[in-house]
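Me: I would like to learn how to read a model like this one. Can we take it feature by feature?

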Amino acid sequence: MADEVKKLKICIIGAGMGGLACALALAKKGFQNIEVFETASNLGFVGAGIQLAPNMVRILDRLGVWDEIEKEAVILKETSIRQGATDTELGHVSLDHVYSTYGYYHSVGHRASLAGALYNGCKREESIKFHFSTALGGVTSFSPQPTFTVVPRDGEPYSVEADILLSSDGVKSTTRVEMMKRIGVTAEIIDTNQAAYRIMLTREQMQDDPDLLALINGQRATRWVGEKRHIIAYPVSGNNIYNLSTTQPDTNFAAAPSETYTTKGSKSAMLGVFADFCPLIQRMLNLVPEGEVCEWKLRVHSPLPTWIHGSVALVGDACHPTLPHMNQGAAQAIEDAGVLGEVLALLPDVNPESINKALRVYEGVRKERAETLVELAAASGRAMHLGEGKAKEERDREFKEGKSVPDKWADAQVQKTIYGFDCMEVAKETFKEEFDKM
Ligand SMILES: Cc1cc2nc3c(=O)[nH]c(=O)nc-3n(C[C@H](O)[C@H](O)[C@H](O)COP(=O)(O)OP(=O)(O)OC[C@H]3O[C@@H](n4cnc5c(N)ncnc54)[C@H](O)[C@@H]3O)c2cc1C
């Protein structure tokens with residue numbers, strides 16, 4: 001990489017999975033001037049589990065942070081999809097082939113361990129500077145030099161000029177709104193009318209119940225499905241925590257619209273939502289202490305016409321928020337980062353025109369793939385949430401036959417598309433041809 005390219009000032013908004021992975025991917029490529037602006041005062045990640053699929057792990061490994069995450073991760077050997085009401089198994093999929101096919105296991109972990117390892121990786125890089133408690137106020141220019149205002153919590157707003165701005169400021173992205181305004185498009189946030197409870201049970205809470213102990217000691221992701229609702233659960237943190245993530249119709253947020261996407265929920269409301277699920281589920285939900293029920297609102301937005309304007313690019317949930325049913329939201333944000341590292345490192349010069357072209361190569365590698373997965377997650381959710389009737393009978397027959405799995409993340413053909421695609425390699429291989437075409 002030419003010296004002038006290495007010295008480009010690259011600013012990143014947001015230190016979520018997408019922002020941290022971008023900063024690290026760029027530093028690993030040799031960029032010397034990376035600044036990250038984050039609203040929060042520190043990286044206090046909400047406690048919850050996260051699936052660490054091979055396409056994500058491949059990139060984390062290249063960024064040098066997988067070893068740290070792997071220590072606590074649990075390797076999944078199987079997934080079982082079960083009727084929520086009766087606990088009878090609808091389908092069972094072995095995940096044994098994943099390692100031999102893709103070179104990495106399908107693991108699960110704690111969000112804090114993923115984010116913590118990415119942050120530790122960033123802290124080891126001298127080229128990355130963090131500005132916590134500092135929010136993006138607005139973007140005043142997208143090119144030739146992106147210029148934006150930031151608002152420190154305890155100080156006066158100031159203006160920052162960069163050579164490249166990567167905005168990974170999440171589903172409520174300020175940059176996305178401003179970018180779409182500039183190009184005359186509205187891309188409204190879509191209410192999915194779904195919400196999620198995220199629950200973490202400790203080994204101590206589960207150890208006196210042999211059925212629950214078997215779950216936390218296992219290497220299985222279990223999905224219990226019912227009409228308009230499901231629960232997916234797996235052990236994390238070295239089998240010391242059992243993570244449950246639910247999806248149900250959003251009645252609480254709908255009743256009390258608020259700016260926030262998470263809220264303390266009521267335990268009795270949660271028990272009510274899953275009242276007709278089997279006793280095993282009831283026993284787990286009953287272990288959640290009163291006052292510790294956390295509910296997340298699930299939001300997406302319509303596909304954007306572009307993720308790029310001038311020398312500014314959107315990253316992660318800012319441009320492809322998804323329902324969680326494919327377990328790919330963070331994985332896709334990390335793919336964005338891996339590809340951005342590749343294309344920016346291949347910049348032939350520092351002209352804003354070249355920067356825009358390189359960013360459009362990023363969009364070319366990433367946009368269609370990410371949007372396909374967003375659609376697949378929605379479709380998979382619809383299949384999981386079927387009520388009694390012909391469609392459900394057909395789905396259950398498919399589960400039984402096992403040729404294709406209606407819970408799409410566990411389907412071998414779908415896994416091939418997701419895990420078998422090395423986005424960084426593709427970006428590197430196709431860069432020159434795509435760049436020259438722009
Ligand atoms: C219930 C549920 C389960 C999930 N399970 C999985 C899973 O198993 N596997 C998986 O891969 N993904 C999963 N996801 C998705 C995943 O959590 C997200 O896709 C991922 O966190 C997106 O990362 P991001 O960096 O793009 O955005 P975020 O994580 O939202 O980060 C955005 C960051 O930007 C900061 N920010 C926002 N506005 C500003 C501003 N104006 N100025 C400065 N900073 C700002 C925020 O404080 C935040 O730190 C799940 C999501 C949900 C809701």
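Predicted model: local features only at pLDDT ≥ 70, side-chain atom pairs only at ≥ 80, totals over all residues.

Me: How many disulfides does a search of the whole structure find?

Reply: A disulfide is a covalent bond between the sulfur atoms of two cysteines. Here the search finds zero. Take Cys22: the nearest cysteine sulfur belongs to Cys319, 9.7 Å away. The cut-off for a disulfide is 2.5 Å.

Me: Is Cys22 buried or exposed?

Reply: Under 20% relative accessible area counts as buried. Cys22 has 1%, so Cys22 is buried. Cys294 has 22%, so Cys294 is partly exposed.

Me: In what order do the six strands of the open sheet run?

Reply: Read across the sheet: β8-β2-β1-β12-β20-β19, with mixed pairing. β8 (128-131) and β19 (308-309) are the edge strands. Each has a single partner, so one side of each lacks a neighbour in the sheet.

Me: In which sense do β1 and β2 pair?

Reply: Parallel, over five bridges, between residues 9-13 of β1 and residues 33-37 of β2.

Me: Which strands does helix α7 lie across?

Reply: Helix α7 (residues 174-182) lies across β12, β19 and β20, at about 120° to β20.

Me: Which residues come nearest to the ligand?

Reply: Of 32 residues around the ligand, the nearest are Gly18, Glu38, Arg111, Leu136 and Asp317. Now separate backbone from side chain. Gly18 places a backbone N or O atom 2.8 Å from a ligand oxygen. Asp317 also uses a backbone N or O atom, 2.8 Å from an oxygen of the ligand. For Arg111, a side-chain N or O atom is 2.7 Å from a ligand oxygen.

Definitions and conventions:
Residues numbered from 1 in each chain as written. Heavy atoms only, no water. Buried < 20%, exposed > 50% of the residue type's maximum accessible area, 1.4 Å probe, protein only. Pairing = 2+ DSSP bridges. Helix = DSSP H or I, 4+ residues; strand = E, 2+ residues; numbered from the N terminus. Contact = heavy atoms within 4.5 Å. Axes fitted to C-alpha atoms, helices over the stretch in contact; angles between N-to-C directions. Near = heavy atom within 4 Å. Polar contact = N/O pair within 3.5 Å; in protein donor to acceptor, adjacent residues only side chain to side chain.
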